[in-house]
Amino acid sequence: MRLSTVAARRIALAAQGFGVARPPAWTATSRHVQRVIDTVGIVQIDSVNVVSRSHYLPFYSRLGPHDSALVDRARDKAPRRLVEYWAHEASLVPPATWPLLDFRMRRAHDESWGGMQSVKRNHPELVDAVLAEVRARGPITSRELEAALAHDLPRERDQWGWNWSLVKSALEHLFWAGEVSSAGRTTQFERRYAVPSRVLPPHLRDVAESADARPSAEEAFVELIRIAARAHGVGTEQCLRDYFRLKPEQARPAIASLVQSGELEPVTIDGWKRPAYLDPSARRPRRISARALLSPFDSLVWQRDRTSALFGFDYRLEIYVPEEKRVHGYYVLPFLLGEDLVARADLKADRAGGRLLARRVTWEPGRGGADDVRELHEELGLMAQWLRLADVEVVR
């Protein structure tokens with residue numbers, strides 16, 4: 001099968017949840033939040049709070065103004081609809097996805113960051129003590145755990161040097177290894193650590209308590225590619241494996257298996273150099289009429305080569321670029337209008353002043369006429385409402 005770029009773009013937008021109308025402002029329910037979770041499969045976490053914590057923004061982009069406490073509840077209250085783990089990057093995923101990432105948990109000793117590996121290697125007794133405290137006291141933040149260790153194990157201070165960076169590294173090692181999980185976050189964005197059996201729903205208790213009850217790595221790769229294919233609608237191998245940060249040798253046999261079973265269909269897309277794969281169940285709309293400001297960490301624009309191929313939109317994150325070298329700004333949100341990415345808005349929530357600041361707006365070639373500007377200003381106004389800000393200021 002051959003697809004035009006326009007057809008592929010519409011399939012991709014629909015697969016990411018932009019093929020349905022938003023609910024009226026402030027009417028979204030837990031059911032709408034669940035629809036977004038089921039559609040995208042992963043929501044990336046990032047601590048930058050220039051506009052909003054990034055994991056709230058994909059819900060805003062697809063639901064418009066709504067009560068963000070619905071997302072908190074899905075993450076923090078049992079039975080949870082979202083749990084945290086390393087999926088794309090630090091991410092929220094449905095609980096059923098957590099055991100599929102066991103292959104990554106098993107490699108915590110080899111693939112995690114150096115500090116996590118060294119604390120397990122050099123201070124195994126500290127790691128054991130941290131795990132015991134989480135089991136006994138969780139959900140617990142790292143600061144609360146440090147205080148608990150100081151109370152319960154005062155004699156060990158000399159041995160460990162009472163180095164709290166080691167305690168934090170021990171926690172992060174245990175989190176990567178799947179021996180502890182997150183029962184949610186505090187208002188200060190601190191993880192509340194708990195053992196998986198206290199986080200995952202009761203029907204997943206077996207996989208929470210025993211790694212032997214989880215799918216094999218090969219089974220997990222197939223299911224993860226299946227989830228990625230559903231969230232993409234159509235994409236290359238690079239697109240599909242990047243969703244869960246799989247390696248080529250992990251993704252390729254899974255893709256081949258799904259092609260053999262008929263769950264993926266090889267296709268050619270005009271202008272794309274690489275072969276692509278279509279989810280045969282994907283919607284193929286004749287038109288998309290969306291409008292949304294997208295988080296820099298939105299799954300629609302994760303894979304930059306894909307974003308360029310689908311939309312002709314070259315997007316780079318400039319947070320870590322020195323200010324004088326930035327082209328478009330610090331926290332730049334792509335603006336989706338209709339079925340095109342038409343502009344970039346460098347936004348900041350001025351909470352003290354009660355304003356949403358658009359510090360710079362850059363339009364794509366041929367865009368930025370009166371209708372486009374009106375649509376952007378309306379969307380900025382809705383976002384300001386959602387952020388409980390009284391005004392919008394566009395810096396010209």
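I began with contacts (heavy atoms within 4.5 Å). Among those in the protein between residues at least 6 apart in sequence, 64% join residues at least 24 apart.

I noted the basis next. This is a predicted model, with local features needing pLDDT of at least 70, side-chain atom pairs counting only at pLDDT 80 or more, and totals for chains, interfaces and linings using all residues. Residues are numbered from 1 along each chain as its sequence is written, and side-chain values use heavy atoms, leaving out hydrogens and water.

I looked up the secondary structure: 17 helices and 14 strands, taken as DSSP runs (helices H or I, at least four residues; strands E, at least two) and numbered from the N terminus. The radius of gyration is 22 Å, close to the 21 Å of the globule rule for 396 residues, so the protein is as compact as a globular protein of that length. That radius is over C-alpha atoms, and the rule is 2.2 Å times the number of residues to the power 0.38.

I checked burial (under 20% relative accessible area, 1.4 Å probe, protein chains only). Buried residues make up 55% of the 396.

I then turned to nonpolar cores (buried Ala, Val, Leu, Ile, Met, Phe, Trp, Tyr and Cys joined through side-chain atoms within 4.5 Å). The largest has 104 residues, and Val-130, Leu-347 and Met-383 touch the most other members. Helix α13 (residues 217–232) gives this core its largest share, 9 residues. A second, separate core has 27 residues, including Trp-272 and Leu-310.

Leaving out residues up to four places away in sequence, Met-383 touches Val-51, Leu-57, Tyr-60, Leu-293, Leu-333, Leu-347 and Leu-356.

Methods:
Buried means under 20% relative accessible area, exposed over 50%, partly exposed in between (1.4 Å probe, protein chains only).
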